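This report looks at how two protein chains meet and then turns to the make-up of one of them.

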Amino acid sequence: MGSHGNNLFGAVSSSVEAVTRPFHCDAISQQIRTFIQMRTNLKVVDNSGAKRVMCIQAKSGKYGAKLGDTIVGSVKEAQPRGKVKKGDVVYGVVVRAAMKKGRSDGSEVQFDDNAIVLVNNKGELIGTRVFGPVPHELRKKKHLKILALAEHIV
Amino acid sequence: MRLEKCWFCSSTIYPGHGIQFVRNDAKYVSVRSDFLGEFEENVSLLRSKIQEHIFRFCRSKCHKNFKMKRNPRKVKWTKAYRRLHGKDMTQDSTFELERKRNRPERYDRNMAEQTLKAIPLITKIRHHRLQKHITDRFVLPLQFVVCWTMKRFSSLINATPIFDRHKPGKKKELERDNKELEQDINMLPKKVISKVETLKMKVQVIPPQTQENLMEE
């Protein structure tokens with residue numbers, strides 16, 4: 001567990017699995033993306049003060065959280081003057097996931113990274129701004145405030 | 001519903017197919033306020049709009065090539081390569097119909113009807129023009145090659161008997177030629193004639209000698 005903890009700081013996201021690397025390809029570009037589970041590091045894309053959150057539990061889903069799901073997380077990295085401090089236990093809504101999400105028209109969407117927006121246990125946003133693209137899967141999950149604040153809806 | 005183009009191979013992506021990859025590079029693109037005038041309330045404000053790169057792929061082949069960081073302009077089977085290297089038609093008036101228009105058109109029944117009628121016609125024309133472009137690529141150089149060879153080797157072509165095989169009266173020509181040859185030989189001085197005869201003799205004698213040699217061995 002100790003070495004696992006050392007690896008996790010900052011960069012590595014355990015929702016990404018390394019696969020047998022094809023000889024002619026870059027290893028990073030051929031990874032199979034999986035669910036957001038315990039120990040997954042996620043980027044925080046609102047102005048609540050937190051920078052990185054480590055997932056403690058996925059609120060729904062047997063294998064983990066997907067795009068649009070809520071998770072419980074522990075703040076690992078935070079800005080000095082923010083609404084949230086390091087070590088706080090927070091809820092978050094996954095707004096970007098590296099794992100493909102199927103849509104009702106048959107197409108699939110995937111993003112470049114895993115990102116969440118911090119939320120309280122009632123579902124209200126802690127921050128007041130949201131950065132980056134956001135999928136319209138949130139509409140079905142009733143996270144309309146996030147959609148309203150989003151810069152770009154995919 | 002909109003038919004998209006695959007980022008890698010430029011084929012159409014029909015609904016239900018393919019993968020969309022959203023990369024969040026926040027490139028701020030300012031949109032002019034008068035452009036938004038129709039459906040924006042506050043016209044005076046300049047609004048900045050982020051342009052993320054959304055890559056659409058028609059199938060996993062294109063997606064995987066993208067992940068391998070291949071440049072479609074260098075991959076031979078993509079439209080990007082073909083257009084860049086002049087294999088396919090690039091500039092044509094038929095492409096105007098498919099140009100993306102960012103300003104939505106107000107619905108007009110007549111216009112919609114006419115557009116629907118025009119679409120198959122235009123695709124047919126474009127197809128024909130494309131085919132012509134491709135055949136011209138082969139046909140024109142080929143014609144040139146054929147003309148050049150005909151000119152260059154015209155003397156040879158006329159001389160070889162193969163081309164005259166079915167010509168009537170060829171046999172008579174040959175006989176005449178043989179007669180002329182014999183007459184010419186007779187015209188020569190006697191020493192030369194004897195040499196020619198010995199040559200003929202030599203040629204006849206050689207085969208039985210080799211046979212005898214073989215027997216000895």
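In this predicted model, seven residue pairs, both members at pLDDT 80 or more, are in polar contact between chain B and chain A. Sorted by class, the side of chain B that touches chain A consists of eight nonpolar, six polar and four charged residues, while the count of salt bridges between chain B and chain A is zero.

The extent of the interface can be described by residues and by area. Contacts link 18 residues of chain B with 23 residues of chain A, and the two chains bury about 1700 Å² between them, with 52% of that area on carbon and sulfur atoms.

The two areas computed here are set out below.

| Area | Value | Share on carbon and sulfur atoms |
|---|---|---|
| Buried between chain B and chain A | about 1700 Å² | 52% |
| Accessible surface of chain A | about 8300 Å² | 52% |

Chain A itself has three helices and 11 strands, and from the N terminus on its elements follow the order α-β-β-β-β-β-β-β-β-β-β-α-α-β. Of the 154 residues of chain A, 44% count as buried. Among the contacts in chain A that join residues at least 6 apart in sequence, 47% are between residues at least 24 apart.

Terms used: Residues numbered from 1 in each chain as written. Chains lettered and ligands numbered in written order. Predicted model: local features only at pLDDT ≥ 70, side-chain atom pairs only at ≥ 80, totals over all residues. Heavy atoms only, no water. Helix = DSSP H or I, 4+ residues; strand = E, 2+ residues; numbered from the N terminus. Buried < 20%, exposed > 50% of the residue type's maximum accessible area, 1.4 Å probe, protein only. Contact = heavy atoms within 4.5 Å. Areas by Shrake-Rupley, 256 points an atom, 1.4 Å probe, with all protein chains shown as cover. Buried area = accessible area lost by both parts, 1.4 Å probe. Salt bridge = Lys/Arg side-chain N within 4 Å of Asp/Glu carboxyl O. Polar contact = N/O pair within 3.5 Å; in protein donor to acceptor, adjacent residues only side chain to side chain. Nonpolar A, V, L, I, M, F, W, Y, C, P; charged D, E, K, R; others polar.
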